[in-house]
There are 2 protein chains.
Amino acid sequence: MAIRETGGRNAARGTRGGRRPTLEEVAARAGVGRGTVSRVVNGSPRVSERTRAAVEAAVAELGYVPNRAARALAANRTDAIALVVPEVENRFFAEPYFSDILRGVNSALDDTEMQLLLTIVGNDRDRARLAHYLAGHRVDGVLVVSLRADDPLPDLLAELGIPAVISGRRSAAEPLPWVDADNVSGARQAVAHLAARGRRRIATITGGLDIYGAQCRLAGYRDGLAEAGLVADEALIAPADFTEEGGRRAMETLLGVTPAPDAVFVASDVMAVGARQVLREHGLRVPEDLAMVGFDDTSIARQMDPPLTSVRQPIEEMGRLMAVTLLSELARASLPVGVPRPPQPQLLLPTELVARTSS
Amino acid sequence: MAIRETGGRNAARGTRGGRRPTLEEVAARAGVGRGTVSRVVNGSPRVSERTRAAVEAAVAELGYVPNRAARALAANRTDAIALVVPEVENRFFAEPYFSDILRGVNSALDDTEMQLLLTIVGNDRDRARLAHYLAGHRVDGVLVVSLRADDPLPDLLAELGIPAVISGRRSAAEPLPWVDADNVSGARQAVAHLAARGRRRIATITGGLDIYGAQCRLAGYRDGLAEAGLVADEALIAPADFTEEGGRRAMETLLGVTPAPDAVFVASDVMAVGARQVLREHGLRVPEDLAMVGFDDTSIARQMDPPLTSVRQPIEEMGRLMAVTLLSELARASLPVGVPRPPQPQLLLPTELVARTSS
DNA sequence: AGGTACGGTGGGAGCGCTCCCACGGGTGAT
DNA sequence: ATCACCCGTGGGAGCGCTCCCACCGTACCT
């Protein structure tokens, strides 16, 4: 009686498109051991030049691509990082913000085997899923975009020992590694620009002051006034909340102040849209009656009538640097213990005023 | 002589945050075998209610989360899909398009263990990386956003046996499973709307006619004219290329036509921006002198002055359906051979006119 | 009573890799 | 010449899971 031909598991699994070569097969082809192939593939220096060449040839001939799952299982790492994006009310912050960050992160990851996972956190259910996700150690590290000051995420990450880098500080004493735009300088530039054009009653519409970035922009506004030798009038500071509607209300308030402002520095383009509408409703011309400068330099700024002068942040660069920073944190984490740790990487990036016709 | 205590590999690897429980440990805790725990975790029906409860209790007590890498290795699947986004010149198409698709895809994946991988393909280098990526079978399936007709990607996918779903057809006879907006109907609605407002000389600015969606919008324009009982004047059809600059040039052309058009259906909001600028330069009022309708209903439409009437596509829903379709394709692919295959899922989604003051 | 069927279960084998130990041969010091 | 050392290398063990086969008991047939 013949032994039944089972075909093995691979045949049963119906692997379409042909079987992929394994390390072992590459090793056989190159006439070396598994360990050696592994060393070559992972760029270890402990391989002779001759052997390396032979292995590389075999890899190329066979079209070998390492099996990520096997590697992850054996090495106890995932080669993946997560980008956590809070989905605030009005979609992602200013819309291009998100895609710019993404482009930056991707460009930094391009030369890596590192895989990016996108996690959009809208509601509590999403948060729970994220926690579960992290608990499963499905990523080696985390990038967090615009973290709220009261967010419990950092505690969770610390507990799980997962390295993280955030964009934007939560306070002046941010303990996590961060990358941030120089909001103070940006606001200062905006005010300096307005003052240089002869404006003397420069108002501001602020973002939600529970957000550190908004505080910085306000601080920069004050600095700018001081540097221009202008007196600060607290009545010219209208607090809002980064929304278009908030911008509307704040502008209405400012129009009631006497003497009237002749310029306004709005802490975000979105709020500037609301403010602009109010001015139009009141028959006020921009920039003749009131000069305007926004912040963020979103595509909205270019679309406005007149096009809005705005402070540009290097968002793509921020994304890139976040990723680079996380990568080096990860490399550090796998270093032997006892190696002296450098201080937390904290990067403050320059902002730039983009002058248009609104000022 | 005492045997040296090595501490094992785990200790050496410095697993921060404590070790995670394995299937085996859950099995021991629940007093069952490994196989049974696996069945419970994977929702197999072949488990008694009593046993299931016991296992679930053990899972909860231990906080067990399956190791994704181990699962992927053993089961020869990744539980991941890729979203391939071509990065066309002007960032991502219309910017919100991308994030809306993403939201939709994510919402469909929320109830799944499926992981989303983002692949932005800009240059040839990115393409090569994507090919290498797919060759490594690092995803179970692929979602492709706005595929060009001459893209070699589908061939590669077919060769590798990787299921795919695309957004937008490449031609009337798209062989791949697709999800698309009803461009014909949208354009027809736009024209009907203009006709209903008394416009009689309705022009159109088309997108690049090598793109099937642009062809559909033009076809819908013709249908709309016919249905309104208007004669089609070929001079009123100005071909462009979905860019702002193209919109400008096309509008210039149309302004030279006699008798002059009294309305224009622009096949994208981006082109409408260009067209609008030309009208302003010529001192023409919208909608008094010329009514305008755009397509895509991007945020640009709302920002325009006057706000642009535009045809909305259910982009988020398209993303959701793409993901759902791919998921069911994947489920089908793992079915035993010989099961009759239903026809390719092809979903045409309704479009909707959003009336604003430009028409 | 004996047989058959089947739902439920346990556990061996194996997925493809990394890690590490052991080993061989060359080199330089003694 | 002898020894110690180190570089380069091979291959065993094991990562945590899925798949499958064998097995057990119970229920239902004849």
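In the predicted model, chain A contains an open sheet of 6 strands with mixed pairing, arranged in the order E7-E6-E8-E9-E10-E12. The edges are formed by strand E7 (237-239) and strand E12 (352-354) of chain A; each has a single partner strand, so one side of each is left without a neighbour in the sheet.

A:Ala263 has A:Ala291 of E9(A) as its bridge partner. Helix H11 (residues 244-255) of chain A packs on the sheet, where it touches strand E6 (202-206), E7 and E8 of chain A. The direction of H11 makes about 150° with that of E6(A).

In chain B, the description concerns helix H2 (residues 23-30), in which B:Leu23, B:Val26 and B:Ala30 are buried. These residues cover an arc of only 65° around the axis and therefore lie on the same side of H2(B). The packing partners of the buried residues of H2(B) are helix H3 (34-41) and helix H4 (49-62) of chain B. After H2(B) comes B:Gly31, which has a positive phi, near 70°.

Methods. Residues are numbered from 1 along each chain as its sequence is written. Chains are lettered from A and ligands numbered from 1 in the order in which they are written. This is a predicted model: local features need pLDDT of at least 70, side-chain atom pairs count only at pLDDT 80 or more; totals for chains, interfaces and linings use all residues. Two strands pair if DSSP finds at least two bridges between them. Helices (H or I, at least four residues) and strands (E, at least two) are DSSP runs, numbered from the N terminus. Two residues are in contact if their C-beta atoms, placed from the backbone, lie within 7 Å. Axes are lines fitted to C-alpha atoms, for helices over the stretch in contact, and angles run from 0 to 180 degrees between N-to-C directions. A residue is buried if 20 or more other C-beta atoms lie within 10 Å of its own, exposed if 12 or fewer, and partly exposed in between; C-beta atoms are placed from the backbone. The arc is that of the directions from the helix axis to the C-beta atoms.
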